[in-house]
Structures are given as C-alpha cells and as structure tokens.
Amino acid sequence: TILDTYMIANTVNLVVLPSRTPIEAKSLRIGLDADSFSWKFSADIFTKAALDLVRPDAEGAKEVELNINGWVWVLMVERYSRALKFPTEAYSITGATRSQLLAAPYAPLRTGLNNAPLTARQAAESELLNTGFTIEWDTENVGPRDWTFPAGALSYQSQTPMQVIARIAETVGAVVRPALDSDVLEIRPRYVVPPWEWGQADAPV
C-alpha cells in the first residue's frame, strides 16, 4: 500500500552490565565499515548519576548492552564528555565492541616470526591465545581459502594481535568482521564474488 506517511517505531534499550541497570539515552549512533575491526558507538545521556555508572575508572572501561529492535551489542564505554548549556547539563559517551581489546591501546605490541610452516588460520588463531577470543573462518564454504606460510615468511614488529590478523586477512582480499555481542572474529571475503570474476555471467548487478 502506498501511503503519504510511513511511521517506524524503533525499540531501543541501553543497560549497564552486569547489573542491567537501565540508562536513559538519546542520539544513539552505532556503525561499522568494512575496514573496521570493532563496532563504534556514541550516545547522549541525561544525568550525572547515569554517567557515574558507565564512565571508565581505575579498573578500566565499563560495559553496556545496547538492544535496537532485537539486535544486541555489548559495548565498552571508552570516553565521555560533558556539555554545559544553562540551565541544562548533558553528557556524551563513546566506545566500541570488545574486539577493540585486541588493538591499541589495550593490547601489547609484539614481534614475531614463524620458524616453521603454518597455515594462515593457525597464524591468526595463535594471536588469540589466552585472550578468550576465537576465530570463525569457514575456508570451505564461505572463504577465503586457507594457505600455508613457509618458514620465515610471516614476520612482524611492534604489532597488536588485531593488526597481525587484519594483515593476514588482507593478504587474500578478506576482512575481519567483529561479532556484535561475543568475543568472536569472523574472517570473510571483502567481496562475495572476487573482483576478477565480475565480468562473468554470475557477476553481481
């Protein structure tokens, strides 16, 4: 049916973890691009009491859960700011999903060299040892295909785990896609159909 006006009522809930204390917020924004390894978000909150629940402290970043129409993200609040405009006072928070923990400034920089042959998937998984994160890489059905680094072929200096994993993925035209609410990284082809096949009959329109 073609109407003059269409109205969409979104359901949005923001709660503090693990207490699940609700927070009133507005201007919520969340997004991800192909070359990002974590979802980025920002929101405006109304009271200092709410800010005290989520602002980072000596123990690190606080976590919140954002639910938009049933889509759920678990997010770390990394920064906050205050805006004073008489007679009101407003606060803004920004942050990212937990995959940011594998990158600067959270993850330590490391140097590495493979002394023996290993597959790309093994190399990526080795960067996640003792981090609690896992990789989903369907080499058979989704791609990209796995391959082997000869001894000495994979070397890096002063890199975070995420930088190394992203470099491995980029080598074969893949990207790192972070999960919304879990400690999982997916390795996915940047394009569903490789660019060199676009001229074929099954190329996307």
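Residues count as buried under 20% relative accessible area, as exposed over 50%, and as partly exposed in between, with a 1.4 Å probe and protein chains only. R20, at 44% relative accessibility, is therefore partly exposed. The model is predicted, so local features need pLDDT of at least 70, side-chain atom pairs count only at pLDDT 80 or more, and totals for chains, interfaces and linings use all residues. Residues are numbered from 1 along each chain as its sequence is written, and side-chain values use heavy atoms, with hydrogens and water left out.

The chain holds 3 helices and 14 strands. These elements are DSSP runs numbered from the N terminus (helices H or I, at least four residues; strands E, at least two). The C-alpha trace spans about 65 × 55 × 30 Å along its principal axes. The radius of gyration is 21 Å, whereas a compact globule of 205 residues would have one near 17 Å. That radius is taken over C-alpha atoms, and the globule rule is 2.2 Å times the number of residues to the power 0.38. Of the 205 residues, 35% count as buried. Contact means heavy atoms within 4.5 Å. Among contacts with a separation of 6 or more, 58% come from residues 24 or more positions apart.

The chain exposes about 12700 Å², and carbon and sulfur atoms supply 54% of this area. Accessible areas come from the Shrake-Rupley method with a 1.4 Å probe; for residues, only the protein chains shown count as cover. There are 18 positive and 24 negative side chains, with the centres of the two sets 7 Å apart. Lys and Arg count as positive and Asp and Glu as negative, while His and the chain ends are not counted. Each charge is placed at NZ of Lys, CZ of Arg, CG of Asp or CD of Glu.

The structure contains 3 aromatic pairs. Rings of Phe, Tyr and Trp (its six-membered ring) pair if their centres lie within 6.5 Å; planes under 30 degrees apart count as stacked, over 60 as edge-to-face and the rest as tilted. W137 and W147 form an edge-to-face pair, at 6.3 Å centre to centre and 65° between the planes. Both W137 and W147 lie in the loop between β10 (134-136) and β11 (148-149), 10 residues apart. W137 counts as buried because its relative accessibility is 4%. W137, W147 and F149 make up one aromatic cluster.

Strand β6 (residues 71-85) carries E78. R79 is also found in β6. E78 is buried, because its relative accessibility is 15%. R79 is partly exposed, because its value is 49%. With neighbours within four places in sequence left aside, E78 contacts P56, T94, G95, A96, Q100 and Y106.

Most residues other than glycine have a negative phi, and most peptide bonds are trans. The bond from L17 to P18 is cis, with omega near 5°. P18 lies in the loop between β1 (12-17) and β2 (21-22). R20 is found in the loop between β1 and β2, and its phi is positive, near 65°. P105 sits in the loop between β7 (88-97) and β8 (110-113). S158, in strand β12 (residues 155-159), has a positive phi of about 50° although it is not a glycine. S158 is partly exposed, because its relative accessibility is 44%.
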